[in-house]
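Biologist: I have a model open and want to learn to read it. Can you take me through it step by step?

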Amino acid sequence: MNAAIARLCHLAQQPSRRIVGLMSGTSLDGLDVALCRLTGHGAATQLALEHFATVPYTDDVRRRIRQVFAREQVSLEYLTLLNPWLGRLHAGMVLECLRAWQVAPVDVDLVASHGQTVYHAPAHQHQQADFAGQNATLQLGDGDHVAQGTGIITVSDFRQKHLAAGGEGAPLATYGDYLLLSSPAEARLLLNLGGIANFTYLPRTGADARTAFSTDTGPGNTLLDATIRARRPGLHYDADGRLALAGRVHPGLLGALLDHPFFAAALPKTTGPELFGPAYLAAAQAQTGTAALGLEDLLATLVELSAAGVARAVRQVFGSARAPLPAVYTSGGGAHNPALLGALRRHLPGAAFASTAALGVPPDAKEAILFAVLANEAVAGQPVALGAGRQRVPAVTMGKISWPG
Ligand SMILES: Nc1ncnc2c1ncn2[C@@H]1O[C@H](COP(=O)(O)OP(=O)(O)OP(=O)(O)O)[C@@H](O)[C@H]1O
Ligand SMILES: CC(=O)N[C@H]1[C@@H]2OC[C@@H](O2)[C@@H](O)[C@@H]1O[C@H](C)C(=O)O
């Protein structure tokens, strides 16, 4: 038997596994690296987060990814070269973190590598008649290069199985959120405010727990960041929402932005900066004669858009503005933005907001942890049926396995 397969069988039978979860999201701020000890699997999974760091991307890394990121037309040669390059880059970043934490790579069982999403193409979003009705998504940073570069067995490319089984390839948070954060005491909304905003609805553990599902809600920070980058070269985001807080929402522009079929579409649904990018914003500004709107007012309007997108999706689940809401736990970079949190509180009055830190999961580490959980399930678990039979929440374990040597 191949020694790596024997090692995998051994790992699968252990009471716990030490897994490095990796996530690099649409904001391109860096690689999130979470060293997790995961005990058990399935509903019995217990997390101990040993270390977490975000290794920032340099301007050069960001520039290279942006050559292809969310672009309909790119150099195929460039894309081909970027794939192994990102795998090696991520491997180097893992080794850098392990060195800083004084952890030997041989003492890590698995790397769970999400890779870098460069294009997300759910059927509702792409315009390719040849592939009408087909969902697709592409992550770069091939797992063989991560495994070879770190010397650690690597589980990667999680989204393709989800697609193959009828999903949109996202959100995958459903599975890890359900396994780690369901509670018998309360229903929960886990709201992640990344480049794209999404939430997982977790009913109380019990009879209806399997109705848990996740959905994207629209832009989180992506349009805010793109606007800052365009208008204030050198800045990556509106730190602490200072500029947005100094502006006033433009109702006409907000209305035009919200007048997109994505916001009324049935849940669950996914999206990305391919849709919510500069062209979408420019079209709404042209339509409403707001191309010259000041930066502060534009940012205030975009913050309102993100919050309204979240609120509309929440209302699709819970009904009218007066219906009681479950406790809301926030994560992702947008959870550090007081302008966005303030807008969300206004849009969801009566909801109790807290950070996922209150549940023992640091908000910036959550997504990297979730991929460690998915790798743990790929090796030691079984498919879990969630979503109450929703077509886009397939019951599958996910990830492809690469071994060094
Ligand atoms: N102090 C802060 N003030 C305002 N915004 C902030 C702050 N800190 C982080 N952010 C926002 O959070 C973003 C990074 O968020 P995060 O790392 O969650 O995104 P991501 O994981 O790349 O996105 P996705 O979840 O869509 O893949 C930044 O680009 C910025 O917009
Ligand atoms: C295709 C893709 O990479 N989607 C990301 C992105 O970032 C947030 C949102 O859009 C979500 O759908 C997803 O990531 C999380 C981790 C998920 O799959 O649950």
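Modeller: We start with the ligand and then turn to the cavities. This is a predicted model: local features need pLDDT of at least 70, side-chain atom pairs count only at pLDDT 80 or more, and totals for chains, interfaces and linings use all residues. Residues are numbered from 1 along each chain as its sequence is written, chains are lettered from A and ligands numbered from 1 in the order in which they are written, and side-chain values use heavy atoms, with hydrogens and water left out.

Biologist: Which residues come nearest to ligand 1?

Modeller: A residue is near a molecule if one of its heavy atoms lies within 4 Å of it. Around ligand 1 there are 21 residues, and Thr 26, Ser 27, Asp 225, Asp 240 and Gly 333 come nearest.

Biologist: Which backbone atoms lie by an oxygen or nitrogen atom of ligand 1?

Modeller: A polar contact is a pair of N or O atoms within 3.5 Å. A backbone N or O atom of Gly 195 is 2.9 Å from an oxygen atom of ligand 1. For Gly 333, a polar backbone atom lies 2.8 Å from an oxygen atom of the ligand. For Asp 240, a backbone N or O atom is 2.8 Å from a nitrogen atom of ligand 1. Taken alone, ligand 1 exposes 660 Å², and the protein buries 88% of that (Shrake-Rupley method, 1.4 Å probe).

Biologist: How many cavities does the structure hold?

Modeller: On a 1 Å grid over the protein atoms alone, a cavity is a set of points where a 1.4 Å probe fits but cannot get out; lining residues have an atom within 4 Å of a point. A volume is the space filled by probe spheres set on the points. The structure has three cavities of 30 Å³ or more.

Biologist: What lines the largest cavity?

Modeller: Its lining includes Tyr 175, Leu 179, Val 373 and Glu 377. Seven of the lining residues are nonpolar, three polar and one charged.

Biologist: What volume has the second largest cavity?

Modeller: About 60 Å³. Among its lining residues are His 162, Glu 168, Lys 269 and Arg 392.

Methods:
A polar contact is a pair of N or O atoms within 3.5 Å; within protein, one must be able to donate a hydrogen and the other to accept it, and residues adjacent in sequence count only if both atoms are side-chain atoms. On a 1 Å grid over the protein atoms alone, a cavity is a set of points where a 1.4 Å probe fits but cannot get out, and a pocket is an open set with protein on both sides within 12 Å along at least five of seven lines; lining residues have an atom within 4 Å of a point. Ala, Val, Leu, Ile, Met, Phe, Trp, Tyr, Cys and Pro count as nonpolar, Asp, Glu, Lys and Arg as charged, and the others, Gly among them, as polar.
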